[in-house]
Amino acid sequence: MRQPWKNDMNWSDVTPKAAWLNRRQLIAGGAAAVAAGPAWAKLDYKTSALSTDETPNTLEEITTYNNYYEFGTRKSDPAANAHTLKTDPWSVEIAGLVDKPGTYDLAELMTGLPLEERIYRFRCVEAWSMVIPWIGFELGKLLEKVGTQPGAKFLRMETVVRPEEMVGQRSRILDWPYVEGLRLDEAMHPLTIMATGLYGEELPNQNGAPIRLVVPWKYGFKSIKSVVKIELVAEQPVNTWQAINAREYGFYSNVNPEVDHPRWSQASERRIGGGLFAKRIDTQMFNGYGDQVASLYDGMDLTKNY
Amino acid sequence: MTLAQSINGWLRRVPAWTLYVVFALWGGWYFYLALTRSTGIWTNQVQGLEHVVGLLALKILIAILAITPIRTYTGINLVKFRRALGVSAFFLVLYHFLVWWFLDVQTLGRVVADIIKRPYITIGMGALVLLLPLAVTSNNLSIRKLGPLAWRRLHWLTYPAVLLAAVHFVWLRKGWQLEPLTYLAIIVALLLLRVKWRRLALALPGLSRG
Ligand code: HEM
């Protein structure tokens, strides 16, 4: 049984530690990494009014049931295989139509960007959902920091490619690197964050460490993991799933119960954590974030721009 | 005595009905896991159960296709288990279907809509429907009534059913994934093993005559 979430509760009170232990031992093994690395201890963050008050899923649920094909196609593969990815040091290339392009060390990239906890609903295109307490910073603040140029209309992001550390990349299930994109106004929206943590601690590898996108009103596959490149571009980029099957996966991929996917009805979803006999729940337009984001799509036909 | 002969001698002492016991317990064990586990594939218990049961059914169907080649190439005779395997596979597919209906999509409206709208469901349903007459006639009375020839001909439905099941598996995964494609390849190979010899030999002289 999950406990109702309370704001004054410390995550360390409720977080099962076993999962972290392994990771810490690994880190302790690489002493240099510990000395040089940023805060491996609990992250320093503020809470946010943008968080939902719904009960988050357990750390175990969030870290053992993942779609991250770079580590295998089964939901349990990432938890089993992702430990081989080295996330420290990590750098992110900022490219394209920006004032300050360059390759930034992660810590450098994050300086001056306050971390917040954002408890968001997360809706997978496969019609299951979770509630996840991310820690991250607003992507918009990063974009302000690096300065976007007038011609920039879209963002294009890439996941790291390291077949030697990412076992799934040794076969061509997808055309690596995984690519995702956003319209600039979507990227600047305060709900859009780059997450670096989960449950108050560093992001586990299977959830996209060390830095991933989180866009809570879009299907989960838009929230690209282990990002190494952010490029500002003039043209709408082609994201990985759209390239594979444009009839099934669009660029926008906003959660929309009225636009059916050929494989899964999007009208309802299964909230993870309810057990074998849980009732499905209705899927909300824009995953329940319509008040904040619907205006971004005024005048657009969302059945065409799916 | 050859190895195959001693294996056959040992198999003769195993009654076929033990397979019903094995697969009933197996299916029950999966249900128990779905009730009590909550990590890995069991984080989503309903989908986990759907998957393991579907996969077990598919493996049994493959085993059925393998019985004849195994006898041809190794001399090991498993033919007496074929009917029990077939009926077990059918019940597991039914279990898979009922989990999908009552625990996954839950309402009749969604069941109908999904069968019509979602190709991978339509195909899975096709496989289930093809297996249905086989399961219904898998008793001695039916065999006697139909006569062995008609009964055997009816059981050719197994081949399209297994193929549909494999296509269902390939289709339901996002993109082209290795695991379902491997199952499909094994099934196609097993089917080719049967078709080739007799049919082609009969068909080819026919062609040259025409
Ligand atoms: C001979 C018949 C069938 C066989 C052998 C079969 C086999 C399978 C297999 C192997 C899987 C995937 C397991 C995995 O991903 O690990 C699966 C998934 C599934 N099957 Fe079937 N199936 C059959 C018929 C059906 C029928 C009749 C339905 C419903 C009408 C159905 C609905 C589903 C669903 C909903 C899934 C899961 C899809 C998902 O995860 O999104 N299947 N089946």
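## Stop 1: a threonine in a loop

Select A:Thr52, which counts as buried at 13% relative accessibility; the cut-off for buried is under 20%. Bear in mind throughout that this is a predicted model. A:Thr52 sits in the loop between helix H3 (31–36) and helix H4 (59–64) of chain A. Display its surroundings: leaving out residues up to four places away in sequence, A:Thr52 touches A:Ile119, A:Tyr120, A:Arg121 and A:Val131. A polar atom of the A:Thr52 side chain is 2.9 Å from the backbone nitrogen of A:Glu54.

## Stop 2: from A:Glu54 to A:Arg121

Now select A:Glu54 and A:Arg121, whose side chains form a salt bridge with an N to O distance of 2.6 Å. Colour the pair by accessibility: A:Glu54 is partly exposed at 24%, while A:Arg121 is buried at 10%.

Over all chains, a search of the whole structure finds 27 salt bridges.

## Stop 3: a buried asparagine

Move to A:Asn239, in the loop between strand S10 (227–233) and H9 of chain A. Is A:Asn239 buried or exposed? A:Asn239 has a relative accessible area of 0% and is therefore buried.

Show the residues around A:Asn239. Apart from neighbours within four places in sequence, its contacts are A:Val179, A:Glu180, A:Gly181, A:Phe221, A:Lys222, A:Gly250 and A:Phe251. With A:Gly250 there is also a polar approach: the backbone oxygen of A:Gly250 is 3.3 Å from a polar atom of the A:Asn239 side chain. For a distance label, pick the C-alpha atoms of A:Asn239 and A:Tyr249, which are 9.0 Å apart in space and ten residues apart in sequence.

## Stop 4: the interface of chains A and B

How many residues of each chain are involved? There are 32 residues of chain A in contact with 31 residues of chain B. About 2600 Å² is buried between chain A and chain B, with carbon and sulfur atoms giving 51% of that area. Highlight A:Arg263, A:Leu276 and A:Arg280: these supply 27% of the area that chain A buries against chain B, more than any other three residues.

Between chain A and chain B, 17 residue pairs are in polar contact, both residues at pLDDT 80 or more. On the chain A side, H4 and strand S11 (268–271) each supply at least two of the residues that touch chain B. The largest share, three residues, comes from H4(A).

## Stop 5: salt bridges between the chains

Five salt bridges are found across the interface of chain A and chain B. Three of them can be visited in turn.

- Select B:Asp104 and A:Arg270, a salt bridge with the closest N and O atoms 3.9 Å apart.
- Select B:Lys174 and A:Glu126, where the closest N and O atoms are 3.2 Å apart. This pair crosses from the loop between H9 and helix H10 (178–209) of chain B to the loop between S3 and strand S4 (128–138) of chain A. Both B:Lys174 and A:Glu126 are buried.
- Select B:Arg118 and A:Asp260, whose side chains meet at 3.0 Å, N to O, in a salt bridge. B:Arg118 is in the loop between helix H5 (108–117) and helix H6 (119–136) of chain B and A:Asp260 in the loop between helix H9 (240–244) and S11 of chain A, so the pair joins two chains. B:Arg118 is buried, with a relative accessible area of 2%, whereas A:Asp260 is partly exposed at 31%.

## Stop 6: the iron site

Finish on the ligand. Which residues coordinate its iron atom? B:His96 and B:His168 do, each through NE2, at 1.9 to 2.0 Å. B:His96 belongs to helix H4 (residues 82–105) of chain B and B:His168 to helix H9 (residues 158–172) of chain B, so the two histidines link distant parts of the chain, 72 residues apart. The iron site has six donor atoms, with angles of 86 to 179° among them, and is octahedral. B:His96 is partly exposed at 21% relative accessible area, and B:His168 counts as buried at 14%.

Terms used. Residues are numbered from 1 along each chain as its sequence is written. Chains are lettered from A and ligands numbered from 1 in the order in which they are written. This is a predicted model: local features need pLDDT of at least 70, side-chain atom pairs count only at pLDDT 80 or more; totals for chains, interfaces and linings use all residues. Side-chain values use heavy atoms; hydrogens and water are left out. Donors are N, O and S atoms within 2.8 Å of the metal (3.2 Å for Na, K and Ca); water is not among the atoms, so sites may look incomplete. Four donors count as tetrahedral if all angles lie between 85 and 135 degrees; four count as square planar and six as octahedral if opposite donors are over 155 degrees apart and all others between 65 and 115; anything else is irregular. Helices (H or I, at least four residues) and strands (E, at least two) are DSSP runs, numbered from the N terminus. Buried means under 20% relative accessible area, exposed over 50%, partly exposed in between (1.4 Å probe, protein chains only). A polar contact is a pair of N or O atoms within 3.5 Å; within protein, one must be able to donate a hydrogen and the other to accept it, and residues adjacent in sequence count only if both atoms are side-chain atoms. Contact means heavy atoms within 4.5 Å. Buried area is the accessible area (1.4 Å probe) that two parts lose on being put together, summed over both. A salt bridge is a side-chain nitrogen of Lys or Arg within 4 Å of a carboxyl oxygen of Asp or Glu.
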